[in-house]
Amino acid sequence: MGIQYFYNFCIREIDDVDLDSDILSAVRKSYFASFEKIRDKITYDSEGISMLYDYCIEKDKPLRWTVKNPQGGVVQEVLPADSGRYYLCFYRGDKLFKRLLFSKLHTLLMAEYMDDNGAVCRSVEPRKVQGGLCLLYKDVSLPDPVVLSAAPDIEDEYVAQCVKSQFRDYTAAASTDTGIVWYLSDKQTARFKALVQEITAALSNMEEESFVGDDTPLLDKINAKDFNMKRNLSASLDISKAKSFSAPVVQDFVKDQPVEEDKEKAVDSSINEPSEPEVENELSAEEIDKIVEEIDAAVAEPSEIEEEAIQISQQVEPEEAEQTEESEEQEEIEEAEDSEEKSEVEPVAAKPDKEIMADGAVYSYYGNLDGNGNRSGYGRTVTDFGLTAYEGMYVNDKRSGKGAYFYKDGTLCYSGDWAENVRHGVGVGFSSRDGSIHVGKWVHNKPEGTGVRMSAEGEIKFVCKELSDGSTVLMNYLNDDSVVISKYDKNGSKLSEKKVSLIDLQ
């Protein structure tokens with residue numbers, strides 16, 4: 001379906017906002033998921049600085065949004081614009097650094113960046129093109145605007161992770177309802193595609209790893225790259241960031257230290273006043289259609305210089321007229337409300353026992369809480385799309401005990417024992433890359449010691465068995481119906497190796 005909503009923009013060279021943990025994106029994402037009023041006051045730590053957020057977003061009213069630093073200084077605020085639109089302004093020190101322009105229906109129309117004199121020096125804004133949306137990028141140092149296209153999709157998740165670890169040559173990024181999207185110039189897109197082809201070719205030439213004749217220490221063998229999750233299940237609950245045990249070590253793509261779940265910010269943990277009651281009525285289909293019409297109209301009106309740039313790219317579709325008459329809008333809203341009153345009222349979702357802010361999204365928790373409001377006992381944490389992220393036991397707000405963790409598409413990632421947010425004990429892990437399975441002992445998020453590795457087709461790859469004297473035997477099953485049996489000492493060094501044919505076994 002493509003991108004329907006933009007939540008925030010950043011230009012890579014000058015804007016260091018972390019879109020993965022952006023509060024603005026999380027709030028706007030929650031609003032557009034239900035079109036219900038959202039009002040709250042929270043404190044959120046950003047790079048060691050505790051910011052106070054005070055916001056309210058609702059239909060037919062400008063956004064209320066104020067962010068203050070610990071000294072009480074305003075670092076973000078909303079200012080009015082024309083025709084019911086408004087700006088969200090960002091300050092660095094006492095100077096305006098960036099502002100986002102929104103329509104009266106909270107559609108993000110443009111991002112502008114200011115120079116030291118307060119003049120606009122760069123900007124990005126969405127434009128309709130064949131096959132989706134592009135961004136029109138303006139820079140006062142460039143003679144003409146540049147059309148930026150979304151980075152091409154990569155079907156293989158393993159290849160996508162490798163590309164993200166190596167490619168940094170994008171111009172702008174956007175948080176959207178489809179996730180974080182990079183926007184590239186034509187030259188950048190060509191380099192991006194070349195890198196994808198290079199990595200794909202390299203992976204296709206890789207032969208299946210064999211332990212035969214390899215003196216690598218045992219734990220390095222059974223963990224391998226397929227089970228090393230740098231930013232793994234100790235990370236916060238954004239399932240799109242979960243790396244399966246099939247993911248490689250990607251030093252440049254992830255931070256040096258994993259984001260622990262105990263750093264997640266409970267939305268209601270620092271509220272200074274109670275939130276207003278939730279609005280139970282949802283928008284009708286007619287109202288949603290009208291909002292979509294405004295989005296289409298808002299991104300379809302290029303200026304003269306923009307028309308010239310886009311015509312050069314030979315991508316732009318004809319302009320669409322924007323409906324702005326207040327009387328027509330009010331008439332349609334009244335008709336929609338009349339229609340909604342006649343329709344059957346849908347049941348309201350159960351109120352969560354706690355909400356957790358993590359990586360730019362809000363997660364709902366249903367289950368037991370201790371006296372301090374921490375998740376303790378049995379419970380279930382759900383993504384903002386209604387899919388289970390984790391279900392099982394918690395202790396002091398961390399995954400501890402028996403539990404199951406799920407990928408963003410709802411498929412199982414791991415089921416078994418947990419300790420302090422990491423897989424520790426006995427469990428079953430499932431690879432998102434190739435469907436392989438590891439059953440056995442896990443230590444600090446990695447398979448270690450006794451265990452069995454199987455392919456997605458159920459073929460045994462190897463069996464590892466810890467012996468009573470502290471040594472370990474590894475049985476590596478080969479494609480020629482033979483098994484290589486290797487023995488290792490307590491430190492994982494190989495002691496002996498023997499190949500046995502299963503066909504000739506007497």
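Analyst: The model is a predicted one. Glycine 132 belongs to strand S10 (residues 132-139). Its C-alpha is 9.0 Å from that of alanine 150, 18 residues away in sequence.

User: How many salt bridges does the structure hold?

Analyst: A salt bridge is read from the distance between a side-chain nitrogen and a carboxyl oxygen, within 4 Å. The structure holds 18 of them. One of the pairs is arginine 92 with aspartate 16, whose closest N and O atoms are 3.5 Å apart. This pair joins distant parts of the chain, 76 residues apart: arginine 92 lies in strand S6 (residues 86-92), and aspartate 16 in the loop between strand S1 (6-11) and helix H1 (23-34).

User: Is glutamate 125 buried or exposed?

Analyst: The cut-off for buried is under 20% relative accessible area. Glutamate 125 is therefore buried, at 5%, and arginine 127 is buried at 3%. Their side chains form a salt bridge with an N to O distance of 3.1 Å. By contrast, aspartate 16 is exposed, at 58%, while arginine 92 is partly exposed, at 42%.

User: Where is confidence lowest, and where is it highest?

Analyst: Confidence is read residue by residue, through pLDDT. The mean is lowest in strand S14 (residues 265-266), at 34, and highest in strand S8 (residues 108-114), at 96. Over residues 223-284 the pLDDT is below 50, and this stretch has 181 contacts in the model beyond near neighbours in sequence.

Note on methods: Residues numbered from 1 in each chain as written. Predicted model: local features only at pLDDT ≥ 70, side-chain atom pairs only at ≥ 80, totals over all residues. Heavy atoms only, no water. pLDDT = per-residue confidence, 0-100. Helix = DSSP H or I, 4+ residues; strand = E, 2+ residues; numbered from the N terminus. Contact = heavy atoms within 4.5 Å. Buried < 20%, exposed > 50% of the residue type's maximum accessible area, 1.4 Å probe, protein only.
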